[in-house]
Amino acid sequence: MSALYLSQVLRRQRGLILLLSALLLSVSSFIASAQSTIPDTPPAPGSAVSIPFNAEAATETYLASLSPEARARSDAYFEGGYWLLFWDFLIAMLLAWLLLGTGLSARMRNLAERITRFKWLQTALYGLQYFLLTALITLPWSAYEGYFREHQYGMSNQDLAAWFGDEAKGLAVALILGNLALIAIYAVIRKTPRNWWLWGSGVALVFIMFQAAIGPVFLEPIFNKFYPLADSPLKQEILSLARANGVPAAEVYEFDASKQTTKMSAHVSGFLGSARISLNDNLMTRGYPAEVKAVLGHEMGHYVLNHIYKGIVFIGLIIVIGFAFVSWSFDRLAASLGRRWGLRRVDDIAGLPLIVALFTVYGFVLTPVTNSITRTMEAEADAFGLNAAREPDGFAQAAVHLSEYRKMKPGAIEEVLFFDHPSGWNRIHRAMIWKAENLAPAAEPASAVTPSPP
Ligand SMILES: [Zn+2]
């Protein structure tokens with residue numbers, strides 16, 4: 001559920017690279033879908049405030065602004081996602097079995113070895129076959145997941161040709177970046193076959209940082225046009241919010257996400273010098289100004305709280321542990337099944353499907369942990385955004401929009417297992433508590449409240 005270009009890129013790199021980068025990216029996105037039209041005025045809790053303000057009642061009022069049909073629909077969409085997780089996992093396993101069990105992977109390696117004697121080029125040639133073949137085999141599933149299912153729930157603005165075009169671009173990016181990563185990691189595996197998990201983790205992490213750094217400049221523009229947000233009083237407020245919070249943003253960017261999706265979103269992307277805040281045109285055209293400010297406050301929270309850097313530390317830990325598990329289990333499996341699959345040692349590129357499968361198992365089991373890491377950071381950004389933007393009703397409204405694609409009120413365990421962002425109910429509830437605690441004595445809408453000097 002991160003920036004669209006990444007979902008495009010990542011779907012092409014199932015397994016290893018997917019798990020790594022998805023985590024990084026889920027750290028920096030805030031997506032709300034908007035199928036319904038926005039009412040002309042903000043919902044009741046924002047405009048008719050009574051003292052004492054009852055946060056529980058206001059939360060319920062926001063929830064009641066959604067029809068039972070809308071709730072049922074978004075619950076179905078989101079709960080279907082639990083099954084997608086499972087099917088994605090199963091398909092990744094089947095794919096690995098297909099490549100290994102039929103000896104196809106070994107034949108792909110043999111072909112690469114016949115063409116060149118350079119090891120790095122053999123890796124690249126195998127990678128080329130691997131990325132193309134896996135993209136082709138999983139294309140029907142990708143189409144269901146990314147195109148037909150999105151249309152079924154009214155969340156896509158793309159026709160099939162445009163969707164396919166984005167897929168092709170994603171594949172091209174995967175062929176280049178994925179192959180570069182493979183060449184680097186397999187060079188490390190050949191150098192240190194016993195401790196590759198440690199050094200390889202370093203290489204993988206450097207690669208992820210590189211991808212994050214070039215993202216806003218080279219990757220995102222492949223899929224969408226980014227342009228400075230048109231001048232408006234709202235833009236001035238956003239830039240003021242940035243200055244007030246130490247975000248060095250001289251510019252805020254908008255991008256044309258509406259050509260792909262109905263979802264509202266904004267994200268912080270980039271790394272070191274390339275970091276920037278972008279919001280999509282759906283948010284601009286369909287959100288209240290208070291809502292836009294609330295979302296941008298949240299995004300600035302990611303920036304100020306250094307979530308990109310903290311995310312990289314978490315990813316580093318996850319990769320090291322994951323690679324150690326892969327190294328350990330690869331040696332055992334290859335010892336028993338390697339001959340049948342035509343595999344040599346771990347430095348044999350033909351073993352890539354096994355490495356990807358093992359890492360996928362690890363990532364699948366770890367899902368609640370990675371979700372909880374990102375959900376915790378999202379909650380931090382929420383708290384920051386509420387304090388910075390001071391738009392609790394704008395924030396609650398954003399959560400209502402978001403609820404159209406994310407289940408509004410899950411059970412506590414369900415939220416821990418499956419939610420990489422706090423649930424809508426949680427976000428609205430936090431916003432209403434903030435409002436109750438920050439309400440000025442005068443019964444004014446929150447967006448009109450002027451903070452008193454300390
Ligand atoms: Zn966020």
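Does Phe418 count as buried, partly exposed or exposed, and at what relative accessibility? In this predicted model, Phe418 has a relative accessibility of 27% and is therefore classed as partly exposed, since the buried class is limited to residues under 20% relative accessible area. The rings of Tyr82 and Phe418 are stacked, because their centres lie 3.7 Å apart and their planes meet at 15 degrees. Tyr82 belongs to helix α5 and Phe418 to helix α18 (residues 412-418), so the pair ties together parts that are 336 residues apart in sequence.

Tyr82 also forms an edge-to-face pair with Phe78, at 5.6 Å centre to centre and with 85 degrees between the planes. These two residues are four positions apart in helix α5 (residues 68-101), and about one helical turn therefore separates Phe78 from Tyr82. Phe78 is buried, as is Tyr82. Across the whole structure, 18 aromatic pairs are found. Elsewhere, ring pairs join Trp196, Phe323, Phe325, Phe359 and Tyr362 into a cluster.

Charged side chains also lie over aromatic rings. The charged end of Arg117 sits over the ring of Phe118, 4.9 Å from the ring centre, and Arg276 lies over the face of Tyr253, at 4.4 Å from the centre of that ring.

A zinc ion is coordinated by His298 (NE2), His302 (NE2) and Glu378 (OE), at 2.0 to 2.1 Å. Along the chain, the donors follow the spacing H-x3-H-x75-E. Distant parts of the chain are linked by His302 in helix α13 (residues 289-304) and Glu378 in helix α16 (residues 367-389), which are 76 residues apart. Both His302 and Glu378 are buried.

How values were computed:
Residues numbered from 1 in each chain as written. Predicted model: local features only at pLDDT ≥ 70, side-chain atom pairs only at ≥ 80, totals over all residues. Heavy atoms only, no water. Donors = N, O, S within 2.8 Å, 3.2 Å for Na, K, Ca; no water. Buried < 20%, exposed > 50% of the residue type's maximum accessible area, 1.4 Å probe, protein only. Phe/Tyr/Trp six-rings, centres within 6.5 Å; stacked < 30°, edge-to-face > 60°. Lys NZ or Arg CZ within 6 Å of the ring centre and 35° of its normal.
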